Amino acid sequence: MSTTNAAGDQTDGSRADEQPPADAWTVMKRFYAAEAAYVAAGGFGEASYEHVAAYLDPEVCLYQAPGLPFTGTGTWRGHDGMERFLARFSEVWESMEFLEQEHWGDADTVVVRNRVRFRARATGREVDTSIVQLITVRDGRMLECRPFYWDPQAVADACTPSRG
């Protein structure tokens, strides 16, 4: 049985490679849903990475700005690199909720403005922030992603336990 979510996407567990999405935005909507489910399920060692990987090109590269608690060196390559990034990301964040999304682009490139609410595992604090991402897609899978955080200090502060 197939169901659809609020965005009108099938939620029957179908993989990205069964029917290539029409454009980069469709790929990213599905990736964001898989990413949020992975984080909510506990991330590395707790959740299946297979549903996230279905939306990633084998040569995927994520360029994160260094300095945030989950970004590491800043560059994460391939499926293994993305799995390591998401493992670190899910250690830091207990949940992520996409509150608003705007997008501009075509079949191969999309710019997405996400308003996201994160809840930190270590502190329980939430941060509501915007992230703009420049994304390239190849053959129905994310090839490259460059996120830009509106307020990196607020993101870092949410993750840092208070010194009392």
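Predicted model: local features only at pLDDT ≥ 70, side-chain atom pairs only at ≥ 80, totals over all residues.
Residues are numbered from 1 along each chain as its sequence is written, and side-chain values use heavy atoms, with hydrogens and water left out.

On the overall fold, the secondary structure comes to four helices and six strands, where helices (H or I, at least four residues) and strands (E, at least two) are DSSP runs numbered from the N terminus. Along the sequence these elements follow the pattern α-α-β-β-α-β-β-β-β-α. Of the 164 residues in the protein, 41% are buried, and by buried I mean under 20% relative accessible area, with exposed being over 50% and partly exposed in between, using a 1.4 Å probe and protein chains only. If we take the contacts with a separation of 6 or more, 49% are accounted for by residues 24 or more positions apart, a contact being heavy atoms within 4.5 Å.

Now to the helix pair. Helix H1, residues 24-40, has 17 residues and reaches 24 Å from its first C-alpha to its last, close to the 24 Å expected at 1.5 Å a residue; the expected span is 1.5 Å times one less than the number of residues. H1 is mostly covered, with twelve of its 17 residues buried, among them Ala24, Met28, Tyr32 and Ala36. Following H1 comes Gly42, which has a positive phi, near 105 degrees. Helix H3, residues 78-92, has 15 residues and reaches 21 Å, close to the 21 Å expected at 1.5 Å a residue, and its buried residues include Gly78, Gly81, Phe85 and Val92.

How do these two helices meet? The axes of H1 and H3 come within 10 Å and cross at roughly 55 degrees, where axes are lines fitted to C-alpha atoms, for helices over the stretch in contact, and angles run from 0 to 180 degrees between N-to-C directions. That angle makes H1 oblique to H3, because angles under 35 degrees count as roughly parallel, over 145 as roughly antiparallel, 65 to 115 as roughly perpendicular, and the rest as oblique. The contact is made by Phe31, Glu35, Tyr38 and Val39 of H1 together with Met82, Leu86, Ala87, Phe89 and Ser90 of H3.

Not counting residues up to four places away in sequence, Trp25 touches Tyr32, Gln101, His103, Val110 and Val112. The C-alpha atoms of Trp25 and Val137 are separated by 9.1 Å, although these residues are 112 residues apart along the chain.

The other two residues sit in loops. Gly124 is in the loop between strand S4 (109-120) and S5, and at a relative accessible area of 40% Gly124 is partly exposed; its C-alpha atom is separated by 8.1 Å from that of Ala158, 34 residues apart along the chain. Asp139 lies in the loop between strand S5 (126-138) and strand S6 (141-149), and counts as exposed because its relative accessibility is 66%. Phi of Asp139 is near 50 degrees, a positive value in a residue other than glycine.
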